[in-house]
Amino acid sequence: MALDYYGVLGVNQDATNREIKSAYRKLARELHPDVNPSEEAAEKFKDVTTAYEVLSDPQKRRIVDMGGDPLGQPGGGDAGFGGFGGVGDIFDAVFNMAGMGGMGGGMRGGSAEPRSRVQPGGDSLTHLELTLEECFRGGLQDLEVTTYVLCPDCQGSGSASGAKPTTCPYCGGTGQIQEVQQSFLGQVVTTHTCPHCGGTGQIITDPCHTCGGEGRVRRNRKVTVKVPAGVGSGMRIRLVSQGDVGPGGGPAGDLYVEIRQKPDPVFTRDGDALHCNISVSMVDAALGCEVDLNMPDGEIYTVRVPAGTQPGDILRERGKGMPHVRTGRRGELVVLVNVTVPKELNEEEHAALETLRSLQKDGARVLSEKDDDNLFTRLKQAF
């Protein structure tokens, strides 16, 4: 048995959408399980919710107003559709109400609202390659992008003469075409976007020769990007309203610029930290030395290698890395020390090293994992 949708909500058949919504909210507050836990209230709450869902849908409400039940089973005769013979009869009744008679086939205008010819544009994504120095400093960067821009000839109107669009004669301004075909179930209706107006319900009689009536064209143009200091690969900069202009000259979307940092010959980057390798001779490692680094900010930083530095030792210096994008605080500089051993010696070097070997206390020996000067143990701890 069909539900009395209007009666359940306590409204008349000519009630407005606002009145239906107000009645539903009032009943829902009274019958909600959190307020009224009884089984009777739960059943009424279910009926009230169903009635509101049906009457708030224009298509389902039209079927109810014609005496049918939009939630009934098709092909069920009077039980499912309140006196209608089947799916075909329901569609015929809908079209009869619209003043279209009992047409058995062909193309018909839809009832949905047409979409606006002027649509907002989409967001665009492009990439900007920067060196480590450019990432460090930031600043203004010029970038060439390809996006939709406002048509320079029609200024978005889509018309060569500037005339306003006219109502589409094929869909009657609805933006949709309904095709009615006969089947073993009766008449079957399929709805399509009108191919003549693209679903807008309007046609431009004299399209612009430059944009073809779309109101926008795709062009290369230059934009200026303000790059904050400290950016890195994968970070995105948003340029508001610099993306694609929408169809019909609609407002432009945003342009996102994704940073790609070029490889640097000296430094590798881990967030705000800078890593580099230096190579010192075994004599410099034993006696200590200094190595000058050309930093990304253009300054020369002197790395002081302490006496007794071992192969694989890591030197750290705070405040010498990359600046943080938001705070501006610089990360650390991490220096890995490689100690080189000469493969060939002249007579003088050989003699000097023989003298050094005769003076050293510890000679060649086997190391265990517990030894502090085991290189592999220190490397394991470092990584």
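1. Let's start with Q155. In this predicted model, Q155 is exposed, with a relative accessible area of 52%. You will find Q155 in the loop between β3 (139-150) and β4 (166-167). Its backbone deserves a look too: phi of Q155 is near 55°, a positive value in a residue other than glycine. For background, most residues other than glycine have a negative phi.

2. Now turn to S241, another residue to check for its backbone angle. S241 is not a glycine, yet its phi is positive, at about 60°. Where does S241 lie? S241 sits in the loop between β9 and β10. With a relative accessibility of 43%, S241 counts as partly exposed, because that class covers the range between 20% and 50%.

3. β9 and β10 (residues 255-261) run antiparallel, and four bridges join them. To see the pairing for yourself, find L239, which stands opposite L255 in β10.

4. Next, step back to the sheet that holds these strands. In what order do the three strands of the open sheet come? The order is β2-β10-β9, and the pairing is mixed. β2 (124-130) and β9 (236-239) each have a single partner strand and stand at the edges, so one side of each is left without a neighbour in the sheet. From one strand to the next, the twist averages 25°.

5. A word about the cysteines. How many disulfides are there? The count comes to zero, with a disulfide taken as a pair of cysteine sulfur atoms within 2.5 Å. Take C171 as an example: C171 is in no disulfide, and the nearest cysteine sulfur, that of C168, is 3.7 Å away. C171 is also buried, with a relative accessible area of 4%.

6. Is C197 buried or exposed? C197 counts as buried, at 9% relative accessibility, since buried means under 20%.

7. Q155 is exposed, whereas S241 is partly exposed. Then follow β9 to its partner β10, to which four bridges join it. Finish with C171 and C197, which are both buried.

Conventions: Residues numbered from 1 in each chain as written. Predicted model: local features only at pLDDT ≥ 70, side-chain atom pairs only at ≥ 80, totals over all residues. Heavy atoms only, no water. Pairing = 2+ DSSP bridges. Helix = DSSP H or I, 4+ residues; strand = E, 2+ residues; numbered from the N terminus. Axes fitted to C-alpha atoms, helices over the stretch in contact; angles between N-to-C directions. Buried < 20%, exposed > 50% of the residue type's maximum accessible area, 1.4 Å probe, protein only.
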